[in-house]
Number of protein chains: 2
Amino acid sequence: MNEANAERDYLESYRPGDYPSVALTADLVVFAVTGGVLRVALVRRGAHPFKGRLALPGGFVGPRESAEAAAGRELSEETGLDLGTLPVHLEQLATYSAPGRDPRMRVVSVAHLVLLATDGTSLPAVSAGTDAAGADWYPVHEMLAGSTGESLAFDHLQILAEGLQRLAGKMEYTTVAARLLPGEFTLTQLRTVYEAVWNAPLAAGNFTRKMTPQLEDTGRKVRASTGGAPAALFTASDRYIYPPLSRPGQE
Amino acid sequence: MNEANAERDYLESYRPGDYPSVALTADLVVFAVTGGVLRVALVRRGAHPFKGRLALPGGFVGPRESAEAAAGRELSEETGLDLGTLPVHLEQLATYSAPGRDPRMRVVSVAHLVLLATDGTSLPAVSAGTDAAGADWYPVHEMLAGSTGESLAFDHLQILAEGLQRLAGKMEYTTVAARLLPGEFTLTQLRTVYEAVWNAPLAAGNFTRKMTPQLEDTGRKVRASTGGAPAALFTASDRYIYPPLSRPGQE
DNA sequence: TGAATAGTGTCTGTCAGACAGTATATT
DNA sequence: AATATACTGTCTGACAGACACTATTCA
């Protein structure tokens, strides 16, 4: 009997044993920037445990899908956004598996970072999914500073903090911040995103000088509406910035 | 009935439903540097599927432990090393959940990055665990270049590649490379680690100048054994290097 | 003394940070 | 004209890269 036959016979005779099994969920840290403020989509829990508390949107990973696929599916179910049409950035953050993190049962969560493109003024409506009494956008830095009076369910505050850390760090050496803006944007819009995520002001002139060679110039300019020179429109391809941007207050 | 009672009653009446469940494993990317070469611990599979192929060590996550705890447990079971005594670096890498990645059943793997401290010349013995016909150390860059003639089981080649990428990247802005060395080490030893991981030579003089202020000087010097000036001994506390080191060939 | 290694000094080009100055638009 | 915004120019200090040089050990 050759190896291929041995392998096929093995697979046919195999019966899953009593391996420890866990329920797997995909949780979402969905970021968007409006009004110069970084915001995260949170749902108000309508059921126990943590009834009435805010939580990250998420749901169970199906038996025939990856965690990433589940995250994308949850995103469209909760927000009505379609990953296929919109250029939505989705990446895996980390997995949270501490025993007892969900008082009901053994739940392991694969957290994902999602960046929604907005024009900087309006936010897509988030709809409450199952088990949720409502959903809305909340300012990230205020949530983490605890100045909103709201606390998050489960270990979701930690997940939110690590999501922000990932985004803020990645913006130093990539152009991923552009995923929070429409396909074409001005340098001022991009700088606003950086300032919202880093929660620190940046010098406009130096930002232009550093960022311009990292972007594609469309050659067109935006119609100036507020008085002032018309700004050039850029597009971004995901690329590495080298040497990286320096973040104020990091040292 | 108040909220606390409602929550308690809910938990008591709760019965786990038919949520999709998965088997969860913790896989290990264990790195060590000897002879100026970055090596990874791999086991030879003794059972189907992928019998005879090399694979990352790992095992199931128990019902009452986190993925990190399982990774530490597997590490001592497979290598005989104790996380409690040795300063072993362990961090989560990523979670791999593609359906069909294990032909037997639904298995989701939380991969972990482990850095073992060595003196640069000898390697700790790795013992084969259950289901393994053997275990040994293999050169990472050769494995990834495919020049060893060995191929890895499952999606472990991708996990290995992402483990190397994480380590190489983190070494730019932290002193984590010191976790691959004993508690006290010389700048030449540390530079050797950088060169092994980055697979590129570094200018010794400039490396010293950049690295020295990031480390703690013990004030003592190593006994020179090869002829040459005695090198100063340093220790490292995990800290951020700002601005980061620049990696040759990154641009 | 010669070889090998550790560490410092020096020069140059690049770039970040600060900020002034210029250009182009709206009102 | 006044004002607001976009962008460029300029200066300075810091630092990376290259490399020469000195210092300290072993054989």
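How many bridges join β1(A) to strand β1 of chain B, and do the strands run parallel or antiparallel? There are 3 bridges, and β1(A) runs antiparallel to β1 (residues 21-34) of chain B. Strands count as paired if DSSP finds at least two bridges between them. V22(A) has V22(B) as its bridge partner in β1(B).

This is a predicted model: local features need pLDDT of at least 70, side-chain atom pairs count only at pLDDT 80 or more, and totals for chains, interfaces and linings use all residues. Residues are numbered from 1 along each chain as its sequence is written, chains are lettered from A and ligands numbered from 1 in the order in which they are written, and side-chain values use heavy atoms, with hydrogens and water left out.

**Chain A against chain B**

Contact here means heavy atoms within 4.5 Å. By that rule, 44 residues of chain A touch 44 residues of chain B. The buried area is about 3,600 Å², and carbon and sulfur atoms give 60% of it. Buried area is the accessible area (1.4 Å probe) that two parts lose on being put together, summed over both. P20(A), H48(A) and Y242(A) supply 18% of the area that chain A buries against chain B, more than any other three residues.

The chains share 0 salt bridges (side-chain nitrogen of Lys or Arg within 4 Å of a carboxyl oxygen of Asp or Glu). They have 10 residue pairs in polar contact, both residues at pLDDT 80 or more. A polar contact is a pair of N or O atoms within 3.5 Å; within protein, one must be able to donate a hydrogen and the other to accept it, and residues adjacent in sequence count only if both atoms are side-chain atoms.

Elements giving two or more residues to the chain A side are α1 (3-13), β1 (21-34), α2 (67-79), β5 (89-96) and β6 (107-115). Helices (H or I, at least four residues) and strands (E, at least two) are DSSP runs, numbered from the N terminus. The largest share, 5 residues, comes from α1(A).

**DNA strand D**

A residue is near the strand if one of its heavy atoms lies within 4 Å of it. Of the 19 residues around DNA strand D, A232(A), N206(B), K210(B), G228(B) and S246(B) come nearest. Sugar or phosphate accounts for 64% of the DNA strand D atoms within 4 Å of the protein; the rest belong to bases.

| Protein atom | Atom of DNA strand D | Distance |
|---|---|---|
| A229(A), backbone N or O | base oxygen | 3.0 Å |
| N206(B), side-chain N or O | base nitrogen | 2.8 Å |
| S246(B), polar side-chain atom | phosphate oxygen | 2.8 Å |

α6 (204-211) of chain A and α6 (204-211) of chain B each give two or more residues to this surface. α6(B) gives the most, with 3 residues.
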